[in-house]
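Subject: Structure for your review

Dear colleague,

Please find the sequence and structure below. My notes on what was found follow directly after.

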Amino acid sequence: MSSEVAARRDAKKLVRSPSGLRMVPEHRAFGSPFGLEEPQWVPDKECPRCMQCDAKFDFLTRKHHCRRCGKCFCDKCCGQKVPLRRMCFVDPVRQCAECALVSHKEAEFYDKQLKVLLSGAAFLVTLGDAEKPETMVCRLSGNQRYLLLEGDSRHEIEIARISAVQVLTEGFQAGGGNARATGMSLQYTAPGAEGATQLKLTAGEDTSAGRRQSTAWLAAMHKATKLLYESRDQ
């Protein structure tokens, strides 16, 4: 990929929406697959009362729209300003209590797990019908759109084309106990291909530090796929 194409994919612009300032991709097609679209606000004429506590709106009790769900609330029910990175807001924005709780939980992904995905980890990679696995570093691209596999060969898998994910574990006990993640199986559709291709990642046994890094990466990737499915269901 040329540097010109890469720069075009990563270019961003600052836009102002009714909800606030957003730093969005210059080309919408290159947006993060984990992103959410801004909701349509419930029209003022359709919400004479708070949609949480049923307080009547008047001169003293003003209505506010939650930037995540678009519903109408009074200030008591929609007074928190919380970061909403999935919609690319520059500053924290007003959200209702329910949405604020969800956004707080998602913040952990952006503050911690996303960094793990971008740093990458080493795995034994079996791509499609390959007979032998190849040792490769797997990481998320800077624009969050691609899973990069780098070793003796190099592959890019578009995150949005991943259709199924299964975490591979060992050590599970029927009576209880924690299972340990040892790998991940993904199915995705390659451009121009008719059927799905399978990708299998297996954590190596090199060092305990390497194992911890691989396990953390698997957990972060599992969280990322959950956000991906939520974006599709929006």
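Leaving out residues up to four places away in sequence, Phe-34 touches Arg-86, Phe-109, Tyr-110, Leu-140, Gln-144, Ile-159, Ala-224, Leu-227, Leu-228 and Ser-231; contact here means heavy atoms within 4.5 Å. This is a predicted model, in which local features need pLDDT of at least 70, side-chain atom pairs count only at pLDDT 80 or more, and totals for chains, interfaces and linings use all residues. Residues are numbered from 1 along each chain as its sequence is written, and side-chain values use heavy atoms, with hydrogens and water left out.

Confidence and overall make-up

The pLDDT is the predictor's confidence in each residue, from 0 to 100. Its mean over the chain is 87, and 89% of the residues reach 70 or more. The chain holds three helices and 13 strands; these are DSSP runs numbered from the N terminus, with helices being H or I of at least four residues and strands being E of at least two. Among these elements, helix α1 (residues 3-10) has the lowest mean pLDDT (58), and β4 has the highest (97). Of the 234 residues, 37% count as buried, a term that means under 20% relative accessible area, with exposed being over 50% and partly exposed in between (1.4 Å probe, protein chains only). Among contacts between residues at least 6 apart in sequence, 45% join residues at least 24 apart.

Nonpolar cores

A nonpolar core is a set of buried Ala, Val, Leu, Ile, Met, Phe, Trp, Tyr and Cys residues joined through side-chain atoms within 4.5 Å. The largest one has 30 residues, and Phe-34, Phe-123, Leu-199 and Trp-217 have the most contacts inside it. At least two residues of this core come from each of α2 (97-119), β7 (121-127), β8 (134-140), β9 (146-150), β12 (180-188), β13 (197-203) and α3 (208-232). The largest share, seven residues, is supplied by α3. A second, separate core of 12 residues includes Val-42, Cys-50, Phe-73 and Cys-78.

Gln-144, one of the residues touched by Phe-34, is placed in the loop between β8 and β9. Gln-144 is buried, with a relative accessible area of 15%. Its side chain is joined to that of Ser-32 by a polar contact of 2.7 Å. Such a contact is a pair of N or O atoms within 3.5 Å; within protein, one must be able to donate a hydrogen and the other to accept it, and residues adjacent in sequence count only if both atoms are side-chain atoms. Strand β9 pairs with β10 (residues 154-158) in the antiparallel sense over five bridges, where pairing requires that DSSP finds at least two bridges between two strands. The two strands β9 and β10 form a hairpin with three residues between them, and Glu-150 has Arg-154 in β10 as its bridge partner.

Cysteines

How many disulfides are there? With a disulfide taken as a pair of cysteine sulfur atoms within 2.5 Å, the count comes to one. The disulfide is formed by Cys-47 and Cys-72, with their sulfur atoms 2.4 Å apart. Cys-47 lies in the loop between β2 (20-25) and β3 (64-65) and Cys-72 in strand β4 (residues 72-73), so the pair ties together parts that are 25 residues apart in sequence. Both cysteines, Cys-47 and Cys-72, are buried.

For Cys-77, the closest cysteine sulfur is in Cys-74, at 3.7 Å, which is too far for a bond. For Cys-78, the closest is in Cys-66, at 5.1 Å, again too far for a bond. Cys-78 is buried, with a relative accessible area of 0%.

With kind regards
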